[in-house]
Amino acid sequence: TALEVGGARYLPGLLDASAQAALVAELQAAIAEAPFFRPRMPRTGKPFSVEMTNCGPLGWVSDETGYRYQPCHPVTGRPWPAIPAPLMDLWKNVAGWPAPPQACLVNLYRAGARMGLHQDRDEADLGAPVLSLSLGDSAVFRIGGTTRGGPTRSVTLASGDAVVLEGASRLAFHGIDRVLAGSSRLIPGGGRINLTLRRVTPSA
Ligand code: MD3
Ligand code: FE
């Protein structure tokens with residue numbers, strides 16, 4: 001069943017347990033090539049509590065100089081690994097967008113990590129949807145409207161759940177309030193991984 005969350009399309013249980021395990025195995029190979037790094041806030045350099053890496057032609061990074069997409073890992077200097085095939089299939093089947101994803105941001109939430117309310121607007125193509133997939137520990141996701149300070153709704157994102165952010169929800173404020181540590185044993189070492197598949201540049 002698809003539910004509406006702040007105008008976003010919420011698809012609980014999109015991936016079953018075996019599809020989740022197969023995806024984690026593919027991700028481990030990608031992470032071996034492109035290790036998690038800890039982004040820092042523009043200007044202040046304050047480290048994020050979330051660790052990140054990327055797959056695909058472009059990857060999102062953040063440091064003292066700002067947020068941006070770039071073709072190579074900020075620490076190793078190597079190109080990002082390819083987006084795993086099951087994720088390309090998922091985009092084809094649920095995103096409803098003619099062009100393939102260019103970036104897969106991989107967010108790792110170990111104990112205590114969170115993500116404050118923000119908008120995603122570093123992509124030149126804001127008309128394309130973002131597809132989010134959650135793996136591992138459940139998390140309390142918060143989503144509001146397109147102005148800061150408005151009403152918000154919370155929904156628990158569990159392992160295998162997907163959310164499609166399209167239309168007005170594409171510019172909604174959103175964040176992760178907390179992760180329910182120990183609610184899943186999927187991720188080696190524990191925690192939660194969120195994958196977001198994105199278009200970055202306009203396709204036409
Ligand atoms: C709403 N990730 O990577 S996923 C992010 O769980 C991000 O790691 C969170 O916010 C996470 O930017 C939330 C759900 C999500 C992802 C992208 C969105 C919601 C969104 C883009 C626009 C609006
Ligand atoms: Fe976001």
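## Polar contacts to ligand 1

R198 has a polar side-chain atom 3.1 Å from an oxygen atom of ligand 1. For H118 the corresponding distance to a ligand oxygen atom is 3.2 Å. For N194 it is 3.5 Å. Polar contacts here are pairs of N or O atoms within 3.5 Å.

Ligand 1 alone exposes 490 Å², and the protein buries 98% of that (Shrake-Rupley areas, 1.4 Å probe).

This is a predicted model: local features need pLDDT of at least 70, side-chain atom pairs count only at pLDDT 80 or more, and totals for chains, interfaces and linings use all residues. Residues are numbered from 1 along each chain as its sequence is written, chains are lettered from A and ligands numbered from 1 in the order written, and side-chain values use heavy atoms, without hydrogens and water.

## The shell

There are 19 residues around ligand 1 (a heavy atom within 4 Å). N107, Y109, D120, H174 and R192 come nearest. By class, the shell has eight nonpolar, seven polar (Gly among them in this scheme) and four charged residues.

Strands are DSSP E runs of at least two residues, helices H or I runs of at least four. β13 gives the most, with four residues.

## V24

V24 lies in helix α1 (residues 17–33). Its relative accessible area is 8%, so V24 counts as buried (under 20%). V24 and N93 are 69 residues apart in sequence. Their C-alpha atoms are 20 Å apart in space.

Key. Polar contact = N/O pair within 3.5 Å; in protein donor to acceptor, adjacent residues only side chain to side chain. Buried < 20%, exposed > 50% of the residue type's maximum accessible area, 1.4 Å probe, protein only.
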